[in-house]
Amino acid sequence: MTEEAYSPGLAGVIAGETAIACVDQGKLLYRGYPIADLAENATFEESAYLLLHGELPNQLQLKGFKDTLDRYRPLRGELIDALRKIPAPVPMMDVLRSMVSYAGHFDPTNGTDSDDLRERATWLTAQIAGIIAARFRLLNGKEPLDAKPGLSHAGQILYQAHGTAPDDLSAKLVDLTLILYAEHDFNASTFAARVICSTMSDLTSAIVGGIGALKGPLHGGANEAAMEMLQQFKSADEARLWIREALAGKGKIMGFGHRVYKNGDHRATILERELRKLAAQKGQGEWMDIYDAIKDPMVNEKKIYPNVDYPCGLTYYLLDLPLDLYTPLFVASRVTGWSAHFIEQAANNRIYRPLSIYTGPAERAVPPIGSR
Ligand code: SDX
């Protein structure tokens, strides 16, 4: 095998075909629809249905999808009991990894054809939202709440976490983040899910694998890491000083850069516009000064642009969501993209098995243990 076939991190390597999202041709499309158009004119539920079925739902189909989500929202007692036993300091992403795997033992859906997988994906989408909210309640010394009929998926998460119906702005902004987070072609966690699918393993295993991959701060964990970075500053001046030193070093600034986007992430632009309105409405302009104090030198000097995680961290923070929920909310959305890719991979599968360049010791004989 020749060296030139090797690309670290598979950068620039085409690892498959997909009809689900188009990421790197100057725009982001979900099944042909521009993300800006979906963000403006659709909800997360419509986008999730689009990813799973390939077409936007009509009124009847959307009602059916939402009814199925609602039907699958209740968490079994066994899951609530397990949630009570997980120690409080365990990060929510680790809780999700365990609980999705555990929930799989009580999976009420059957079969493995595409329709069965869409049903299981809908069940997982409902369960993940419920697990996040239930864990949040238990950590705050409160009992998990049943779903409240008539709320959106985003609204349901906020209601079941906080115990009060969310204000329209919070529900709309969280819904927007769920649309933006839902799908992004062969990113690390989706590729992990496709690799698991390619061995003919099951959807729940692929979702658990996706959660494990997304947790990392180089991937979905960046929304929490970016807010942790911003939280250390009391003023824009402090942030300006910090970024100077940081850029002198080789450290990565969380929420910036992207393997595919080299001139900016469409999703970051869309979300940042809404974030600026949110900050203005909440009289939190000084947070945007800090945000810009980090962003401006990254863009103007390093030409490294914010990715979706940079505005998302501060958006969730200004919506009073705890940091530990940020990447789990990414999971609550991306489970739909991971599932769409699992269905696509299963329909036209070849097991993933790349090569490697051996750099270990040359062949050698095994010496008797007495002479080692
Ligand atoms: C997501 O793939 C997807 O689609 C992912 C995602 C999705 O929707 O699924 O979009 C979600 O994961 C967004 C990314 C979130 N991660 C972060 O914000 C973490 C910080 N970002 C970096 O770690 C980095 O930009 C990556 C991981 C996102 C991309 O890594 P690459 O493509 O391997 O880029 P690289 O590390 O090779 O960087 C190229 C150059 C380097 O400089 P040199 O060493 O060549 O001089 O750019 C520099 C890097 O040092 N660079 C950064 C930087 N990102 C790249 N320098 C400082 N801060 C950064 N954030």
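Start at the ligand: 22 residues surround it, the closest being His 184, His 258, Arg 259, Arg 267 and Arg 334 (a residue counts as near if one of its heavy atoms lies within 4 Å of the molecule). A word on the ground rules: this is a predicted model, where local features need pLDDT of at least 70, side-chain atom pairs count only at pLDDT 80 or more, and totals for chains, interfaces and linings use all residues. Residues are numbered from 1 along each chain as its sequence is written, and side-chain values use heavy atoms, with hydrogens and water left out.

Stay here and show the polar contacts, meaning pairs of N or O atoms within 3.5 Å. Pick Arg 267: a polar side-chain atom sits 2.6 Å from a ligand oxygen. At Gly 255, look at the backbone instead, where a polar atom is 2.8 Å from a ligand oxygen.

Next, select residues 222–231 and 326–347, helices α11 and α16 (helices are DSSP runs of H or I, at least four residues, numbered from the N terminus). Their axes come within 7 Å and cross at roughly 155 degrees; axes are lines fitted to C-alpha atoms over the stretch in contact, and angles run from 0 to 180 degrees between N-to-C directions. Asn 223, Glu 224 and Met 227 of α11 touch Tyr 326, Thr 327, Pro 328 and Phe 330 of α16, contact meaning heavy atoms within 4.5 Å.

Now move to α12 (residues 236–248) and α14 (residues 285–300), packed at about 30 degrees with axes 8 Å apart. These two are therefore roughly parallel. On the α12 side, show Ala 236, Ala 239, Arg 240, Trp 242, Ile 243, Arg 244 and Leu 247; they meet Asp 289, Ile 290, Ala 293, Ile 294, Pro 297 and Met 298 of α14.

Last stop: how do α2 (residues 44–53) and α3 (residues 59–71) pack, and at what angle? It's about 100 degrees, with the axes 10 Å apart, which makes α2 roughly perpendicular to α3. Select Glu 45, Glu 46, Ala 48, Tyr 49 and Leu 52 on α2, then Gln 61, Leu 62, Phe 65, Lys 66 and Leu 69 on α3, to see the contact.

Key
Parallel < 35°, antiparallel > 145°, perpendicular 65-115°, else oblique. Polar contact = N/O pair within 3.5 Å; in protein donor to acceptor, adjacent residues only side chain to side chain.
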